[in-house]
Amino acid sequence: MSKELIRLVNCQMAFDDEIVLDDINLYFNDKEFLTLLGPSGCGKTTTLRIIGGFIKPTGGDVLFDGVRINDVPPHKRKVNTVFQKYALFPHLDVYENVAFGLRLAKLPEEEIDERVTEMLEIVSLKGFENRKVSQLSGGQQQRVAIARALVNRPKVLLLDEPLGALDLRLRKDMQNELKRIQQAMGITFIYVTHDQEEALSMSDTVVVMDKGRIQQIGTPEDIYNEPKNAFVADFIGESNILDGIMLEDRLVKFFGRKFKCVDFGFEKNEPVDVVIRPEDIDIVAPDDGHLCGTVTSVTFKGVHYDTIVDFKGFKWLIQTTDFYEVGSYIGIRLEPEDIHIMHKSEYSGMFGDYSSYSAEYDEMDDPDLYPEDAEESEEASEGGKDEE
Amino acid sequence: MKNFNKVFTVIVLLFLYIPMIVLAVGSFNSGMDIAVFKSFTFDNYKELFRDSVLLPLLLNSVIVALLSSIFATILGTCAALGIHSMGPRLRRFTMGVTNIPLTNPEIVTGVSLALLFAFVGTMMKINNILGFATLLIAHITFNLPYVILSVMPKLKQMDPNLREAALDLGCTPWQAFYKVVIHEITPGIVSGALMAFTMSLDDFVISYFVYGPRFVTLPVEIYNYTKKPLQPKIYALFTLLFAAILIVMVLMNLLQERDAKRSRENRRAFRRGKKVGA
C-alpha cells in the first residue's frame, strides 16, 4: 500500500461525561478511499471532525505526515470537508462558492478562473456559474460542495454522509461519480456513512465503528466475509448468528450437530458465535438436510425471497430464489465455507435471531428519513446547536 | 360567531388606535379646544417647525437614539455571538440574565442607573455627572437585550456547518465572521438596530432619571410641557413621532417578511433536492 498520511493515536473524545470516542487508533494511507461506517452516535462523525480540526480530542494525538496537528486550526490544515447538508454559502453564486477558498489563498484571477471552470466541468456543472445556490437541486448542491472542497487541491477530502439527503437513484449515481473523482484526482477520501452498501461498494478500506470504538478494519470483502464479532456480522448485511462450541480446528458443534468448517485457531471446546449468511444456505428435501425446519414467513424482495424458517424455536433468515410456501417442511445443507466462526464478544446474543423478524428491517435506509440522529446531539453538547 | 370575531377585532383596534386618531385629528385643528374641530389647517405644523426649543430637542433625541442603537447593535451582536458559542447550560443561564432587564420595571432600571451614576460621580469626585454621557450609557444598557434577542434566533437558524465550511476553506475565525456569518444574521442585526432606535427615541422613564440639564431629550421636555396646558403644536409633534415610528415598524415587518420568504424558499429548494434530485 502507499504511504501513511494521517494517524490517530489513542484518540479519545468526551463531551461532559459522555465518552464518544474511546481510544481510537487508526491510520489513513495516501490515495486511499476509507469509509468510517457505523450506526448513529457511533463516533464516526466525531472522528471526522477531529481530523478536520473542528474539535480537539480530549486525549491522544492526531498526526499528519508524522507531525502532530492537534492544535492546528482548520484553516491551516491540508484537508477539506464536504458537509452533510452541503453548507454552501447562500449569499454567493455557484462560481463564487467554488472560488471561495482560492480567493482566500489570494491566487491570481486567471488561475482562479481556470481552476473553477475546470472543477465545475469535472462535477458536470458547466453553465451553472451564475446560478444562486437556492436555485439548485439537491444533487447539484452536492456537486457544488464537492467542487468547492476539491478546487483547493487538498491532500485529503473528508465527506460527512454527503449523500444522506439524496434519493436512492441519485445516491447510486453520485457513488459512482465520487469514486471516479477520487481516482481521477488521486487523493485520499475519508468517507462517513451509516449505509453499509455504500461503504462496501465505494471503499478500499472500511472501518466499522460502534459505541466509540473500532470494531473491525478491513477491505469490504474481509468485513463481509470474515466479520470479527456479532455486531459487524449483523450491521454489514444480514446474518444468522448462533451459539456454538468449537470442538477442534475446523469442527464446530451447534444445534446438537457437528459441522465441518474452515476456521481454526480457537481453544478446544471454546464457546463461539457461528455466522451463517442467509444467501449461503441451500434448501434441500428434508431427508437430505443437515437440519430440518418449517417455513413461517415469506417476503418477496425482487431478486430473492426472504424466507424465515423455524429450526427448533430458533428462526433463521434464508434468502433464496425458489419459493417455499409458509408451512412447508424443508431441509438445509451447510457446506464448510458457508460457516464463519467468531470469538464471543460483548455483542454475543444481541443479534442474528430472526424470531422478531418483520419485513420492515430495511426501512432504516429510507431516503426521506433525514438522520437527525445522535451525532447531532454530540454537536449540541459542544455548543453547535440548541435543543430546538 | 365569525361575525362576532370580526366585530371584536374592530373594537380592539379602535381601542388601540382611537387615542392616536384623536391626537392626529387634533393636530390639524385650527381651534385650541380638542373637543371642537374648527377647521383644517397646517398651522400647528408650521408653528412646530418654527419652534426654536422643540426642534433642537428632537435633534438631541435622534442623536442619542442613533448613537445608542449603533453602540448597542455592535455590542449586542458580539454578545450574541459569544452566547451562541457557549455550552447549552451556560447559554440558557446567560439568556435568562439578559432577559430580566426587559421585564424589569423601567422605573427600577432608571432609579438604579441614577444611583449607580451618582455613586460613580462621588467616587470620581465629579459634580453633576448626569448629562449626555450618562444618558447615552443608560440607553445603550436598555437597548442591549433587544439587539441580543433579535440576533440570537438568526444565529440559531444558521447552519452551524456554514461557519465551519468557511474555516475549512481557509478563513481565519474573523474572516469566517465577516465573509459568511454576518450575511446570515444581517436581518437580525438590522431589526435589532431598528428596535433599539425606536426604543431609545421615545424613552422617557429611564431618561428622566439620568438626564442632565445640559442635554435634554424630547420626551423628557414634553413631560414638562404637559404640566402646562398643551399647545396644539405638541399634537403635531406627537403625530409626526407616531408616524415616524410607524414607518420604522412597518419597515421592520417588511424586512422580516422578506427574510422569512427567503428562508422558506431555501428550505423548499433543499426539500426539492431530497425528493427529485438533479
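In the predicted model, buried residues account for 31% of the 278 residues of chain B. The secondary structure of this chain comprises 11 helices and 0 strands, and its order along the sequence reads α-α-α-α-α-α-α-α-α-α-α. Chain B has a radius of gyration of 23 Å, well over the 19 Å given by the globule rule for 278 residues, and is therefore more spread out than a compact globule. Along the principal axes, its C-alpha atoms occupy a box of roughly 70 × 65 × 35 Å. Among contacts in chain B with a separation of 6 or more, 78% are between residues 24 or more positions apart.

In chain A, an open sheet is formed by 5 strands in the order β15-β19-β16-β17-β18, with antiparallel pairing. The edges of this sheet are held by β15 (282-284) and β18 (314-320) of chain A. Each of these two strands has a single partner strand, so one side of each remains without a neighbour in the sheet. From one strand to the next, the twist averages 45 degrees.

Strands of a sheet pair through backbone hydrogen bonds, in either a parallel or an antiparallel arrangement. At the β15 edge of the chain A sheet, β15(A) is joined by 3 bridges to strand β19 (residues 329-333) of chain A, and the two strands run antiparallel. Within this pairing, A:Asp282 has A:Arg333 in β19(A) as its bridge partner.

Conventions. Residues are numbered from 1 along each chain as its sequence is written. Chains are lettered from A and ligands numbered from 1 in the order in which they are written. This is a predicted model: local features need pLDDT of at least 70, side-chain atom pairs count only at pLDDT 80 or more; totals for chains, interfaces and linings use all residues. Helices (H or I, at least four residues) and strands (E, at least two) are DSSP runs, numbered from the N terminus. The radius of gyration is taken over C-alpha atoms; the globule rule is 2.2 Å times the number of residues to the power 0.38. A residue is buried if 20 or more other C-beta atoms lie within 10 Å of its own, exposed if 12 or fewer, and partly exposed in between; C-beta atoms are placed from the backbone. Two residues are in contact if their C-beta atoms, placed from the backbone, lie within 7 Å. Two strands pair if DSSP finds at least two bridges between them. Axes are lines fitted to C-alpha atoms, for helices over the stretch in contact, and angles run from 0 to 180 degrees between N-to-C directions.
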